[in-house]
Amino acid sequence: MDFLRFLPYLFIMAGVTYLIRVIPFLLINKKIENKFINSFLYYIPYTVLASMTFPAILYATGNIISAAFGFLTAIFISFKGNGLLPVAIGACASVLISELIMTIF
Amino acid sequence: MSLKKGLEDGIPIALGYFSVSIAFGLMAVQCGCTWIEALLISFTNLTSAGQFAGVTVIAGMGSYIEMAVTQLVINSRYALMGIALSQKTDSKFHGLWRAVLGFAITDEIFAVAIGHDSEIGRRYFAGLAFFPIIGWSAGTLCGSVLGNIMPDIVTNALGIALYGMFIAVVVPKAKENVHVLIVVCIAVAVSSALYYIPIFSVISSGFSIILCAVAASVAGAILFPVDEKEAE
């Protein structure tokens, strides 16, 4: 897109993200006591990632069938206790293989 | 812990980031960004979920408010990590050092740093962040430049890599904690409802993520308040 229209978006994105990281790190040294806020913040990473992933993951590849295979593979591999890299590679490989099979038949 | 130890610990994170950010580079180009723009986003943001949602906002020419609120909600977990890190740093890791190195708080860097028993020093943390920043930027560059010449079947497969990374964060926690599992299911249910029920199609994908995450987390905080011990 046009670079001058892009720059404000970049500035807002990077600025907000930076301030979220640094302000609490820089200023807060005591523990937060409010149980509701603590609980809310505790669940936030997982609810954000979950709602970004589903159902969008089903439309992330060439077709919904290969995407579903990739999704199930990722859940299976991470359920077995593997980390970031094996899960990401396994999901990609699963999509690749299922699309290859569908191309052949 | 030394700079060298930090650099070593950062290598596996950097490899993971490289492969996943190829997918981000591809997606950014599909959303209308040039390779320079994609690279700038990765170099200045260093975050998967936020960037992913950010380019969606850019592609839809969303408002600046939508962009700011999307980033605020999606990345609010970093505030929590910053607070946790601030309890564990050594006495020299303060002030300007925190302002500079705080930029590199990500899910994986945080997880590795907080996992050590000893205090976290500024040298170690700087070393830890170094290769992941390079890996994330270099992968984005590769994805955005090579995206056009890669066959569809490869780009399709890489399209799922980011989601694989998200799943790798959620599943282990949902496996060990049934409250997290239930709250995650609520988020997925709300997200599916917003996606598939036609009347909600007016809601942009950025705000949809915010709505789902806030609704599910509030439900979690009411139904299953977290003890301090459990949070650690």
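Predicted model: local features only at pLDDT ≥ 70, side-chain atom pairs only at ≥ 80, totals over all residues.
## Annotated transmembrane spans

For chain A, an unreviewed UniProt entry lists the feature "transmembrane region" at residues 6–28, 40–58 and 84–104. In the model, residues 6–28 of chain A are 96% helix and 0% strand, with end C-alpha atoms 33 Å apart. The span 84–104 of chain A is 100% helix and 0% strand, and its end C-alpha atoms are separated by 31 Å.

For chain B, the feature "transmembrane region" is placed by UniProt, again in an unreviewed entry, at residues 15–40, 52–74, 94–113, 125–147, 153–171, 178–197 and 203–226. Residues 125–147 of chain B are 96% helix and 0% strand, and the C-alpha atoms at the ends of this span lie 33 Å apart. Residues 52–74 of chain B are 83% helix and 0% strand, and here the end C-alpha atoms lie 10 Å apart. Helix α3 of chain B covers residues 48–59, and α4 of chain B covers residues 64–74. The loop between these two helices contains B:Met61.

## Helix α1 of chain B

A bend of about 35° occurs in α1(B) at B:Ile11, and the proline B:Pro12 follows within four residues. Just after α1(B), B:Gly32 adopts a positive phi of about 100°.

## The nonpolar core

The largest nonpolar core holds 108 residues, and the members touching the most others are B:Ile160, B:Ala161, B:Phe166 and B:Val170. The element that gives the most to this core is α1(B), with 12 residues.

Beyond residues up to four places away in sequence, B:Ile160 touches A:Ile57, A:Ala60, A:Thr61, A:Ala67, A:Gly70, A:Ala91, A:Cys92 and A:Val95.

## The contact between the chains

The contact between the chains takes 63 residues from chain A and 80 residues from chain B. On the side of chain A that touches chain B, the elements giving two or more residues are α1 (3–27), α2 (35–53), α3 (64–79) and α4 (84–104) of chain A. The largest share of this side, 18 residues, is supplied by α2(A). By class, the side of chain A that touches chain B contains 47 nonpolar, 13 polar and three charged residues.

From chain B, B:Ile153 in helix α9 (residues 152–158) touches A:Leu96, A:Glu99 and A:Leu100, leaving out residues up to four places away in sequence. B:Ile153 counts as partly exposed because it has 15 C-beta neighbours inside 10 Å.

## Helices α2 and α3 of chain B

The buried residues of α2(B) are B:Glu37, B:Ala38, B:Leu39, B:Leu40, B:Ile41, B:Ser42 and B:Asn45. They pack against α1 of chain A, and also against α1, α3 and α8 (122–146) of chain B.

In helix α3 of chain B lies B:Val55, which counts as buried because it has 23 C-beta neighbours inside 10 Å. Apart from its neighbours within four places in sequence, B:Val55 is in contact with B:Met27, B:Ala28, B:Cys31 and B:Cys33. B:Val55 and B:Val100, which are 45 residues apart in sequence, are 25 Å apart from C-alpha to C-alpha.

## Backbone features in the loops

Most residues other than glycine have a negative phi, and most peptide bonds are trans.

Just after α2(B), B:Leu46 takes a positive phi of about 50°, and its place is the loop between α2 (35–45) and α3 of chain B. B:Leu46 counts as buried because it has 25 C-beta neighbours inside 10 Å. B:Met61 has a phi near 50°, also a positive value in a residue other than glycine. With 11 C-beta neighbours inside 10 Å, B:Met61 therefore counts as exposed. In chain A, the peptide bond from A:Phe54 to A:Pro55 is cis, with omega near 5°, and A:Pro55 is located in the loop between α2 and α3 of chain A.

Technical notes:
Residues numbered from 1 in each chain as written. Chains lettered and ligands numbered in written order. UniProt positions renumbered as here; feature names shortened; annotations may be inferred. Bend = angle between axes of the 7 residues up to and from the residue. Core = buried A, V, L, I, M, F, W, Y, C linked by C-beta atoms within 7 Å. Buried ≥ 20, exposed ≤ 12 C-beta atoms within 10 Å, placed from the backbone. Contact = placed C-beta atoms within 7 Å. Nonpolar A, V, L, I, M, F, W, Y, C, P; charged D, E, K, R; others polar.
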